[in-house]
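This report goes through selected side-chain contacts and strand pairings, taking each group in turn.

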Amino acid sequence: MAGSDLVLDGAVGGKPEPTVYWSKGDKILELGEKYSLTYTSTRAMAVIKNCDRYDTGRYILTVKNANGIKTANVNVKVLDTPAAPSTPRIIDTTKHSISMTWTRPMYDGGSDVTGYVIEILEEDSGHWYRATAKPIKINEYVAAGLAANKKYRFRVAAINANGTGEFSEPSEIPDLELAEDLKKTVCLRAGGTLRLFVSVTGRPTPVITWRKTGVELQSRGYIETTDSYTSLLVEKINRYDSGKYVVEAENPSGKKTCIILVKVYDTPGPPGSVRVKDYTKESVVITWDVPSLDGGAHVSNYIIEKREANMKSYKTVTTECRKTLYRITGLEEGVHYFFRILPENIYGVGEPCETAESVLVCEVPSVPMDLSIVDVTKSTVTLHWEKPLHDGGSRLTGYIIEACKVGSDRWSAVATVKASVSQHTIQSLTENDQYLFRVRATNSRGASEPMDIVTPITIQDIKVMPKIDMTSIPQKIVHVHRGKSIDLNIPIKAKPQPVCSWYFSGIKLKDSLDRIKIDSNGKYTHLVIRDTTINDTGDYTLEVKNAIGMATEVIKVIILVSWEPPEKDGGANVSGYVVEQREAHHPGWSTVSESVTRPCFKFTRLNEGTEYVFRVAAMNRFGIGGFLQSEVVECKSAKSPPVHPRVTDSTRTSVSLAWLPPEEEGGSVVTGYLIEMQKVDQVEWTLCNTTPTKMCEYTLTHMPQGAEYRFRVIACNAGGAGEPAEISGVVKVQEMLGKKKI
């Protein structure tokens with residue numbers, strides 16, 4: 001029990017005689033006012049006088065000699081009143097009440113805490129009184145009925161079965177007292193020293209904090225704080241030291257904040273951001289905001305300066321401007337400038353503010369030129385335009401295409417394209433609706449005025465009768481050296497896209513990978529015939545056909561006989577060639593020309609179907625050399641189809657075909673045969689062999705079982721492919737049960 005003496009007595013022994021001592025935890029008890037200690041060879045006694053809560057703990061008796069060590073423990077619990085709770089913490093205040101809370105005592109005196117006693121001390125009374133007639137059970141309390149604007153202090157003691165414990169440290173809400181001159185705006189001249197002194201009260205001693213928005217006061221000035229005051233000292237003040245200073249005191253009982261306003265008389269700070277409001281090719285209008293720091297005096301004037309971006313020094317535009325807007329003239333188009341504004345008050349010229357980036361003096365471009373409709377389909381329109389005559393002094397950045405439905409006034413941007421683009425197709429338009437279109441050019445300054453399509457455009461497929469553009473071959477005659485390629489690339493126009501067909505002497509030409517290549521699209525048709533011979537001379541007919549109609553043109557191609565110069569010139573330069581001809585089955589040569597200067601010649605006035613032989617000899621100043629003779633050439637190119645095409649055998653994966661040679665070879669020996677097949681449910685014929693077969697039979701392998709096809713055979717010679725001979729009926733890929741008869 002608290003207040004009584006505690007005796008700890010233990011029997012000890014050992015040989016040799018041991019060392020004996022009592023300890024509490026790690027600390028050995030020492031003889032004194034608190035402890036009475038008696039140690040003999042057989043006993044160890046410790047008397048703890050006038051016990052209190054702090055004597056609670058574990059006591060250890062230690063006995064040790066050379067043979068070892070032994071200990072005995074005694075746990076002591078002193079029954080006492082509780083220790084003091086924490087200082088009350090103020091959590092809320094009103095005009096007539098204060099709310100507070102606290103934490104339980106660290107030591108409960110060996111018995112549960114059953115309640116708390118709260119006492120109040122009024123300012124200047126010096127007398128503590130009980131806040132409640134009965135102890136309260138919880139660790140929070142609201143003191144009501146207090147006088148307004150009066151200071152109070154509070155303390156708390158805990159109660160257990162042994163009585164009322166010690167009171168906590170009394171609470172006192174922090175308070176800050178400003179001197180009279182700090183209650184008004186503090187005004188100083190730039191360069192002076194700012195001293196702010198504030199008296200401080202509060203229990204426990206409050207923590208003091210100084211703040212100013214955007215400034216670290218600990219580094220800008222010197223702060224000193226004691227139990228009774230806090231002060232801030234700032235030397236060599238300037239305009240940026242103007243503003244609101246906040247000092248705050250806080251302890252567990254509460255918080256108090258004071259605000260001190262400071263004005264520093266100085267030149268103005270920089271104006272707000274400088275912006276360009278309007279442009280022409282030789283002037284700009286700039287605006288800016290009034291400085292947020294006026295230096296304690298009205299900003300009465302602004303000085304405006306400019307400099308070219310590639311220069312370092314500024315030139316004065318004007319020294320007198322009373323507004324926050326000014327037009328700067330006399331600028332050069334296409335030049336980058338910086339502008340800056342300097343504010344002025346009664347204390348002088350302040351800090352400048354410059355445009356964040358250089359300003360290009362320019363204006364929007366002129367309108368795009370020659371806007372036209374290139375194409376229209378049931379869902380698209382293709383527009384074409386030319387770039388503006390003037391870019392406004394700034395490089396073009398692109399074009400904006402806008403559309404408006406007829407009957408509506410609302411224009412909307414449907415596409416934005418790069419400056420390098422001059423044609424664009426607008427997608428996803430509504431069929432049969434009418435639209436207006438316009439295009440704007442853009443540069444760094446903005447968008448130009450629009451160039452409009454005046455006539456509404458109906459969204460539907462345009463129907464154009466086929467047209468063949470023969471501008472590149474106005475005479476419709478083409479000369480080609482023998483062995484070189486016939487290359488005809490003819491522009492066409494037609495909507496919808498047409499089918500282009502080429503014919504030679506009435507026979508339709510077809511793509512063959514080895515010699516003839518035909519490539520057609522909606523704008524061009526391209527015919528190439530490689531390794532030409534004299535038999536390729538004749539009329540080539542181009543037929544362009546769509547649902548609207550058909551157009552045809554005939555181009556006469558003349559293959560020129562050519563040869564290589566002689567390997568030996570006889571010791572003198574070749575001066576020309578003698579060219580002769582004769583019918584193949586008649587003797588006697590006819591001289592056609594004795595003055596040919598180039599190694600090629602065009603033979604004319606020949607008879608269709610007649611066979612000819614040609615020869616050429618080189619000449620120099622010593623005479624005519626030997627002749628070089630051609631093969632027999634017939635001026636005829638037509639050929640008949642193969643005879644009696646038929647199926648000779650079929651399996652589950654193959655079909656074998658056979659035929660007889662054509663009755664008429666067309667003036668040139670048949671060099672092979674092409675086979676084409678067509679699925680019964682398709683329109684197009686598919687080429688089965690890219691290299692003509694020289695035999696009159698052919699087997700197609702890897703065919704899908706059960707599929708049904710049609711087949712046809714085409715004879716080829718030096719003049720190209722002839723008319724096809726089709727096998728009658730449909731052929732099914734399956735095992736042939738018996739020999740098929742056709």
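## Salt bridges between strands and loops

In this predicted model, D9 is partly exposed, with a relative accessible area of 39%, and the side chain of D9 meets that of R43 in a salt bridge with an N to O distance of 1.8 Å. D9 belongs to strand β1 (residues 6-11) and R43 to strand β5 (residues 43-48), so the contact ties together parts that are 34 residues apart in sequence. R43 is likewise partly exposed, its relative accessible area being 43%. The count of salt bridges in the model comes to 27.

A second salt bridge joins the side chains of K150 and E122, at 3.1 Å from N to O. This pair links distant parts of the chain, 28 residues apart, with K150 in the loop between β12 (140-143) and β13 (152-160) and E122 in strand β10 (residues 115-122). K150 counts as partly exposed at 36% relative accessibility, and E122 is partly exposed with a relative accessible area of 25%.

Because K510 lies in the loop between β45 (507-508) and β46 (516-520) while E676 lies in strand β58 (residues 672-679), the pair ties together parts that are 166 residues apart in sequence. K510 counts as partly exposed, at 24% relative accessibility, whereas E676 is buried, with a relative accessible area of 10%.

## Aromatic pairs and charges over rings

The structure holds eleven aromatic pairs. One of them is formed by F197 and Y229, whose rings are stacked, with 4.9 Å from centre to centre and 25° between the planes. F197 lies in strand β17 (residues 194-203) and Y229 in strand β20 (residues 229-234), so this pair ties together parts that are 32 residues apart in sequence. F197 counts as partly exposed at 44% relative accessibility, and Y229 is partly exposed too, with a relative accessible area of 22%.

Two arginines are placed over tryptophan rings: R155 lies over the face of W128, at 4.3 Å from the ring centre, and the charged end of R438 sits over the ring of W411, 4.0 Å from its centre.

## The annotated Ig-like region

An unreviewed UniProt entry places the feature "domain: Ig-like" at residues 174-251.

## A three-stranded open sheet

Three strands form an open sheet in the order β23-β24-β27, with antiparallel pairing. The strands β23 (275-279) and β27 (325-328) stand at the edges and have a single partner strand each, so one side of each is left without a neighbour in the sheet. On average, neighbouring strands of this sheet are turned by 25° against each other when direction is ignored.

Strand β24 (residues 284-287) is joined to β27 by four bridges, and these two strands run antiparallel. Along this pairing, T287 stands opposite L325 in β27.

Methods. Residues numbered from 1 in each chain as written. Predicted model: local features only at pLDDT ≥ 70, side-chain atom pairs only at ≥ 80, totals over all residues. Heavy atoms only, no water. Phe/Tyr/Trp six-rings, centres within 6.5 Å; stacked < 30°, edge-to-face > 60°. Buried < 20%, exposed > 50% of the residue type's maximum accessible area, 1.4 Å probe, protein only. Lys NZ or Arg CZ within 6 Å of the ring centre and 35° of its normal. Pairing = 2+ DSSP bridges. Axes fitted to C-alpha atoms, helices over the stretch in contact; angles between N-to-C directions. UniProt positions renumbered as here; feature names shortened; annotations may be inferred. Salt bridge = Lys/Arg side-chain N within 4 Å of Asp/Glu carboxyl O.
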